[in-house]
Amino acid sequence: MGEGVRHAEEVMGTVFSFDVRGGEAGAVRAALGQVVAELHEVDTVFSTYRADSAVSRLARGELPVERCPAEVARVLGLAAEAERVSEGWFSARHRGVPDPTGIVKGWSAERAARRLAEVAGVRGVSVNGGGDVQSLGAPEPGRPWRVGIADPLRPGGLIAVVSTAGAGELAVATSGTAERGAHITDPRTGRPAVTDLVAVTVVAPRLTWADCWATAAFARGSRAGLGWLESLPDTEALLLTADGEVLHTAGLATYIA
Amino acid sequence: MHALRKNRPLRRVVLASATTVSAVVLLLSLKPHSSPGLALGASAQGSGGGASAPAASGGSPTPGSSAASGSSSASGGAPAAGGAAKTVTGETAQTRWGPVQVRVTVTGGRLTEVTAIQYPTENPRDQEINSYALPQLRREALAAQSARIDMVSGATYTSTGYQQSLQSALDQVHG
């Protein structure tokens, strides 16, 4: 029992943490190596900080989507879906040009977790993409994954612990200003979102969506954001307002450890 | 203590199971810059119970450093692997009530012992607080550690921000 294979990798301007339980260690490490290489590839393709990335060239109109790596069209498709479901509050465009930055990290962390879960004998995987976590299976028989939600007002502390408690897959994604300031843009104005929120944590089966919904709800603000999150199936959330109010969806308690 | 809690209405809502000893938090407000290795114990516990975080963050373990107050024993600063116990003594922190120093033992990645080896004893009130708070601190720390957080979700950190994060502490202790 006990420890599995763990790894932390600096990529996409943040750090991805991995925890894989079960399986033969050599096979797990080999898969981990592939997964990490893929994350760096994703970064190369999708980075808006690299002028020569496929997405940068796409944004400048130099490269059509069809000639980008296949993941680009796939991710843009997911982003379009997120924009639709979020009623426009999640957007994969910035100043009118394609910018899937907001979805890439969650999507790639979820993909990494699923690849690792395919390794023979693996019973549990948890991948943390810079603060957004995808967990699959369980770390030990009879013990669920436990994910702390960081307290934005008290560094090092947690405001709650979410447990997978029987769910085979669970993602916990948080959007907020605690680490990088006001970086979430209101798609309607193109300016930093005017919001009464400090942080939004979304709990859902898939990190790809949890990440998008956290971003969208944050931009939307507490009241409208909570109402919208409540309407989404299999989605729970915890919202912290700037004046210390805690709001959450009705079903969140199921996941509070 | 309750006056303090009032500043944090959110925690009342969420932390049903956490009994926090704010007095201990104040008493043991140690240096914020703790090394990840030790912060691990610290933050991980703080996570669950809230009060105990500062205990483990008791200053940098600074193995090999010549700092008079920091020392590391047992497995000599190497990350605690397997079941090997590692005891780290934090640097002495000067709080408004006097010096505080904490020693923690990590066994197999779990906090197994918390001892305050230096704490304010200037006046009877100190002693009164200590007789209550120090055992409570230890209990809180161990209980929270047993909460066993695997990962931490929060606003996206930068690579630099990661170094200060609770997630980094978790990675270090288990890695």
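**The largest pocket**

Analyst: This is a predicted model. Helix 4 of chain A gives the largest share of the lining of the largest pocket, four residues.

User: What volume does the largest pocket have?
Analyst: About 1,400 Å³.

User: How many residues line the largest pocket, and which lie nearest its centre?
Analyst: The lining has 47 residues. Nearest the centre are A:T48, A:D99, A:T101, A:G102 and A:R180.

User: Which elements of chain A each supply at least two residues of the lining?
Analyst: Helix 1 (25-46), helix 2 (54-59), helix 4 (101-117) and helix 5 (207-220) are among them. Strand 3 (93-94), strand 4 (97-98) and strand 9 (169-176) also each supply at least two.

User: How does the lining of the largest pocket split by class?
Analyst: It has 20 polar residues, 15 nonpolar and 12 charged.

User: Let's pick a residue. Where is A:E110?
Analyst: A:E110 sits in helix 4 of chain A.

User: Is A:E110 buried or exposed?
Analyst: A:E110 counts as buried, because its relative accessibility is 3% and the buried class means under 20%.

User: Which residue does the side chain of A:E110 join in a polar contact?
Analyst: The partner is A:R114. The polar contact between the two side chains is 2.9 Å.

User: And what does A:E110 touch, not counting residues up to four places away in sequence?
Analyst: A:E110 touches A:Q134, A:R206, A:L207 and A:T208.

User: New residue. Where is A:H183 found?
Analyst: A:H183 lies in a loop of chain A, between strand 9 and strand 10 (197-204).

User: Why does A:H183 count as partly exposed?
Analyst: Because its relative accessibility is 32%.

User: How far apart are A:H183 and A:A193?
Analyst: They are 10 residues apart in sequence. In space, the distance is 8.1 Å, C-alpha to C-alpha.

User: Switching to chain B. What is its secondary structure?
Analyst: Chain B has eight helices and six strands. Along the sequence, the pattern is α-α-α-α-α-β-β-β-β-β-α-β-α-α.

User: How many residues does chain B have, and what share count as buried?
Analyst: Chain B has 175 residues, and 54% of them count as buried.

User: What about contacts across the sequence of chain B?
Analyst: Take the contacts in chain B with a separation of 6 or more. Residues 24 or more positions apart account for 49% of them.

Methods
Residues numbered from 1 in each chain as written. Chains lettered and ligands numbered in written order. Predicted model: local features only at pLDDT ≥ 70, side-chain atom pairs only at ≥ 80, totals over all residues. Heavy atoms only, no water. 1 Å grid on protein atoms, 1.4 Å probe; cavity = no way out; pocket = protein on both sides within 12 Å on 5 of 7 lines; lining within 4 Å. Points joined across faces, edges and corners; volume = space filled by probe spheres on them. Nonpolar A, V, L, I, M, F, W, Y, C, P; charged D, E, K, R; others polar. Buried < 20%, exposed > 50% of the residue type's maximum accessible area, 1.4 Å probe, protein only. Polar contact = N/O pair within 3.5 Å; in protein donor to acceptor, adjacent residues only side chain to side chain. Contact = heavy atoms within 4.5 Å.
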